[in-house]
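Subject: Structure handover

Hi,

Here is the structure for you to look at. My notes on it follow below.

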Amino acid sequence: MFDDAAPGGGGEGRSDDLILPFKVGEAAVRGRVVRLGKAVDEILSRHDFADPVSALVGEAAALVAMLGSSLKFDGKLIFQAQGDGPVSTLVADYTKGGALRATAMVREGAEETAAKAQGPELHYLLRKGHLVMTIDQGSDMERYQGVTPLDGPDLATATVNYFAQSEQIPTAVKLAVGRIQDADGRMSWRAGGIMAQFVPGEGGERERGEAALLAEVDEDAWNRAATLLETTQADELLDPTVSPEQLLYRLFHEDGVRVFDPVPAYFACTCSKDKIARVLAQYDSSVIKEMVEDGAIEVSCDFCRTMYRFELDESGEAFKA
């Protein structure tokens, strides 16, 4: 049964810019659906990436939103992939509470090569490299970081392989990014994703009983859930008329699926002039002088493309207040 009246159940409602947690039946299978509309359009429309790179950045945004929304404490999840392809770096982060941002760095002179990709092909755009997941709990807490080789033709596969290697957690992921025409006739970006994980020990009270038998039952349920999740189509993840609840019902209604309170996602950049000024203050004066053009230094944020200008005072040694 589709249980939208569960404790913490979200039910039908807003279906954009949110992450919806869910649980399949009584087994140890938990997951999240993400649907990004305005949030991902704001992220991608600030850049002039070729479409394949935009799609890859959109997938990273959807992925980090699903992963970061599971944080149980105030903090940030940072996803980063680095490779030797035309895209050197792919990065996205999600701060507890919903703030989301993402971007990519394309190697100078490699723009046309990147544009020739057939889509968000990880093996073509980044090629060989590594994937890093970082949990940042703040300046007073130690960071947790997991690193694995980039392994897979696309970001979803690389994520599955990351959890298998770094966390030993069976995982299934589907991602989709595309443009649709809105009510005003404007083409806007959308992104969606669904993931599920096999988490023995979180399958309910009955798991505390006959552990061996229930583990086998849960593993069968996981295999079934993962197989069903793989049937998800891109249009189901992107179509604004298909709510996350409807998608989950289509996939798991025979086993029963319970949804919980949705978590927000919205574009927000943490850059500021003060932060950039503190970074510049760490450079030697000789380096600063090399960066000055026409009496000022201009710095653009890689995420939101905001331009910050720092003008030197009459001494030429310090910035104007």
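Which residue takes a positive phi in the hairpin of E5 and E6? Glycine 97, near 115 degrees, in a hairpin with three residues between the strands.

Some ground rules before the rest. This is a predicted model, so local features need pLDDT of at least 70 and side-chain atom pairs count only at pLDDT 80 or more, while totals for chains, interfaces and linings use all residues. Residues are numbered from 1 along each chain as its sequence is written, and side-chain values use heavy atoms, with hydrogens and water left out. Helices (H or I, at least four residues) and strands (E, at least two) are DSSP runs, numbered from the N terminus.

Confidence

The mean pLDDT (the predictor's confidence in each residue, from 0 to 100) is 88. 88% of the residues reach 70 or more. Among the elements, helix H2 (residues 51–68) has the highest mean, 98. Strand E1 (residues 2–3) has the lowest, 38. Over residues 1–13 the pLDDT is below 50. That stretch still has 34 contacts (heavy atoms within 4.5 Å) beyond near neighbours in sequence. Residues 203–214 also stay under 50, with 15 contacts beyond four places in sequence. Where pLDDT is low, the predicted coordinates should not be read in detail.

Strand E6

Two strands pair if DSSP finds at least two bridges between them. E5 (residues 87–95) and E6 pair in the antiparallel sense, over eight bridges. Alanine 92 has alanine 102 in E6 as its bridge partner. E6 also runs parallel to strand E13 (residues 266–267), joined by two bridges. There, leucine 100 stands opposite phenylalanine 267. Buried means under 20% relative accessible area, exposed over 50%, partly exposed in between (1.4 Å probe, protein chains only). Six of the eight residues of E6 (residues 99–106) are buried, so the strand is largely enclosed by the rest of the structure.

Helix H1 and the cores

Helix H1 (residues 38–45) has Ala39, Val40, Asp41, Ile43 and Leu44 as its buried residues. They pack against strand E3 (29–36), H2, E6, E10 and E13.

A nonpolar core is a set of buried Ala, Val, Leu, Ile, Met, Phe, Trp, Tyr and Cys residues joined through side-chain atoms within 4.5 Å. The largest has 57 residues, of which Leu36, Val57, Phe79 and Leu90 touch the most other members. H2 gives the largest share of this core, 12 residues. Valine 57 touches Ile43, Leu44 and Ala102, among others, not counting residues up to four places away in sequence.

Rings

A search of the whole structure finds three aromatic pairs. Rings of Phe, Tyr and Trp (its six-membered ring) pair if their centres lie within 6.5 Å; planes under 30 degrees apart count as stacked, over 60 as edge-to-face and the rest as tilted. Phenylalanine 198 and tryptophan 222 are stacked, 6.1 Å centre to centre and 15 degrees between the planes. Phenylalanine 198 is buried at 13% relative accessible area, and tryptophan 222 at 8%.

A charge sits over a ring if NZ of Lys or CZ of Arg is within 6 Å of the ring centre and within 35 degrees of the ring normal. Arginine 101 sits over phenylalanine 303, 3.9 Å from the ring centre. Arginine 127 lies over the face of tyrosine 124, at 5.6 Å.

Best wishes
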